[in-house]
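This report describes selected features of one protein model. It should be read with the sequence and the coordinates at hand.

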Amino acid sequence: MVKRPRLPVATEYGNAASFWVEYPTGLVDLTRTTHLPKGPLSDGDVMQDTAAREVPIPKLVKETMLDVPVDGERTIRIAKKHSAVVIIDMQNFFLHPDLRDHPKGLDCVIPIMNIVPSLRMHGVKILWVNWGLTDHELTTIPPSLVRGFMKGGHGGFGAQLAEPFGRLLMRGEFNSELYGPLQGLYEEGRKEGTDVWIHKNRMSGIWGGQTALDLYLQEQGITTLFFAGVNADQCVLGTLVDAYFRGYDCVVVEDCVATTSPAGALESVLYNAGGGYGFVTSSERIVEAAAAAAS
C-alpha cells in the first residue's frame, strides 16, 4: 500500500459539518467532534498551520469512542454509535461448496464471526447487505448485469437451482441465506436489535439515489463503515467506492474480504482502499482494540 509519512502538524480535512483531524502521532480522528483551534491558514480552509505542540489531542471518551489501529502506522478514532460493519454477499450462492468453489471466501467466515460480537458490544451496528431480488426487480435489471449472471445464455437471476437452494438470489430462498454459521450469527443479532438485513439489487449496495442501505445509514447518522464480504473486487468494491463518493469513512477489514478473481484484483482493492478511499485494518486489530476498550 501507499505509505504516507506522518504529518509535522495537526491537519483538518473536510468542512464545518463533516471533517477529520489527523495528528502527528498517527491518530486520525473520524468522530467529527473536535475541530482544530482556529489559527493562520496556509493553503485554503481545511489545512491548519498551527504548530503540533500547540494542538492537544482530544481525550478518548471510552463510552462513545474506539481507537482502531490501521495500516500505514495510523490509528483511527471512531464514534461507536455512528459506525457500522457492512458485510456483503456472504451468501450460500457465493460460498456453499455445492454451488461454488470459493475457499478464500470461506476463510473469511471465522474472522467475520470474531469481529461481529466484538463490535456489537460497543454498539456498532452490523449490516448484512445481500442480494435479494423480487419478481418485479427482475424486470428492471440492466442487460449487462443479467448477462453476467448467466452461463452460456442459460440460468441467471430467478432461475431454479438444484434443491434445496431455490431460485437464484431471490428473496427468501436458501441460496440467498447467509452461509453456514453466519445465518445464526445474524439471527442472534436481529433478536438483540444490533443486526440489520438489507437487500440490494445491484453490484453496489449504494448505487442509486435512494437505496435501502444509504437511507438506513442516513437515518441512523452513520458515517464510518467497516467493509467485509465477497467478492472484494465486485460487490464489495462497488459498495465501497459508492460510499466513498458519498462521503462515508471507509475501512476495509483485510482478512474479511476475498474474491475468486486472480490475486492482483484483491491487491488492487487493498492498495486503493488504504491509499485513497480510506483505511485498511484486520480482524485481529479490531478484536484487540474492542477488548482493550471494554476492560
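In which strand is Glu-12 found? Glu-12 is part of strand S1, which covers residues 11-14. The model discussed here is predicted.

**Surroundings of Glu-12**

With a relative accessible area of 9%, Glu-12 is buried. Its side chain makes a polar contact of 2.7 Å with the side chain of His-35. A polar atom of the Glu-12 side chain also lies 2.9 Å from the backbone nitrogen of Leu-36. Glu-12 and Gly-247 are separated by 235 residues in sequence, while their C-alpha atoms are 15 Å apart in space.

**Nonpolar cores**

The largest nonpolar core comprises 74 residues. Ile-76, Met-90, Ile-112, Trp-128 and Phe-227 have the most contacts inside this core. Strand S10, residues 249-258, contributes seven residues to the core, the most of any element. Apart from this core lies another, of seven residues, which include Ala-10, Phe-19, Tyr-23 and Val-55.

When neighbours within four places in sequence are left aside, Ile-112 is in contact with Ile-87, Met-90, Trp-128, Leu-182, Ala-228, Gly-229 and Cys-256.

**Strand S7 and its partners**

Strand S7 is largely enclosed by the rest of the structure, because six of its seven residues are buried. S7 runs parallel to strand S6 (residues 83-88), and five bridges join the two. S7 also pairs with strand S8 (residues 195-200), again in the parallel sense, over six bridges. Ile-126 in S7 stands opposite Val-85, and Ile-126 also stands opposite Asp-195 in S8.

The loop between helix H3 (109-120) and S7 holds His-122. At a relative accessible area of 10%, His-122 is buried. Leaving aside neighbours within four places in sequence, the contacts of His-122 are Lys-80, Ala-290, Ala-293 and Ala-294.

**Aromatic rings**

There are nine aromatic pairs in the structure. In one of them, the ring centres of Phe-93 and Phe-94 are 5.1 Å apart and the planes meet at 80°, so the pair is edge-to-face. Both residues of this pair are buried: Phe-93 has a relative accessible area of 10%, and Phe-94 has 8%.

Another pair, Trp-131 with Phe-157, is tilted, with 5.1 Å from centre to centre and 35° between the planes. Trp-131 is in strand S7 (residues 125-131) and Phe-157 is in the loop between helix H5 (143-148) and helix H6 (181-192), so this pair ties together parts that are 26 residues apart in sequence. Trp-131 is buried at 0% relative accessible area, and Phe-157 counts as buried at 12%. Together with Phe-149, Trp-131 and Phe-157 form one aromatic cluster.

Two arginines lie over aromatic rings, as the table shows.

| Arginine | Ring | Distance to ring centre |
|---|---|---|
| Arg-100 | Phe-93 | 4.7 Å |
| Arg-202 | Trp-207 | 4.2 Å |

**Backbone details**

Which residues are joined by cis peptide bonds? A cis bond joins Glu-163 and Pro-164, with omega about 10°. Pro-164 is placed in the loop between H5 and H6. The peptide bond from Val-230 to Asn-231 is also cis, with omega near -15°. Asn-231 is in the loop between strand S9 (224-230) and helix H8 (232-245).

Positive phi angles form a further topic. Glu-73, although not a glycine, has a positive phi of about 55°. This residue lies in the loop between strand S4 (65-70) and strand S5 (74-79). Leu-169 is not a glycine either, and its phi is positive at about 55°. The position of Leu-169 is in the loop between H5 and H6.

Is each of these residues buried or exposed? Glu-73 is exposed, with a relative accessible area of 55%, whereas Leu-169 counts as buried at 0% relative accessibility.

Note on methods: Residues are numbered from 1 along each chain as its sequence is written. This is a predicted model: local features need pLDDT of at least 70, side-chain atom pairs count only at pLDDT 80 or more; totals for chains, interfaces and linings use all residues. Side-chain values use heavy atoms; hydrogens and water are left out. A nonpolar core is a set of buried Ala, Val, Leu, Ile, Met, Phe, Trp, Tyr and Cys residues joined through side-chain atoms within 4.5 Å. Buried means under 20% relative accessible area, exposed over 50%, partly exposed in between (1.4 Å probe, protein chains only). Helices (H or I, at least four residues) and strands (E, at least two) are DSSP runs, numbered from the N terminus. Contact means heavy atoms within 4.5 Å. Rings of Phe, Tyr and Trp (its six-membered ring) pair if their centres lie within 6.5 Å; planes under 30 degrees apart count as stacked, over 60 as edge-to-face and the rest as tilted. A charge sits over a ring if NZ of Lys or CZ of Arg is within 6 Å of the ring centre and within 35 degrees of the ring normal. A polar contact is a pair of N or O atoms within 3.5 Å; within protein, one must be able to donate a hydrogen and the other to accept it, and residues adjacent in sequence count only if both atoms are side-chain atoms. Two strands pair if DSSP finds at least two bridges between them.
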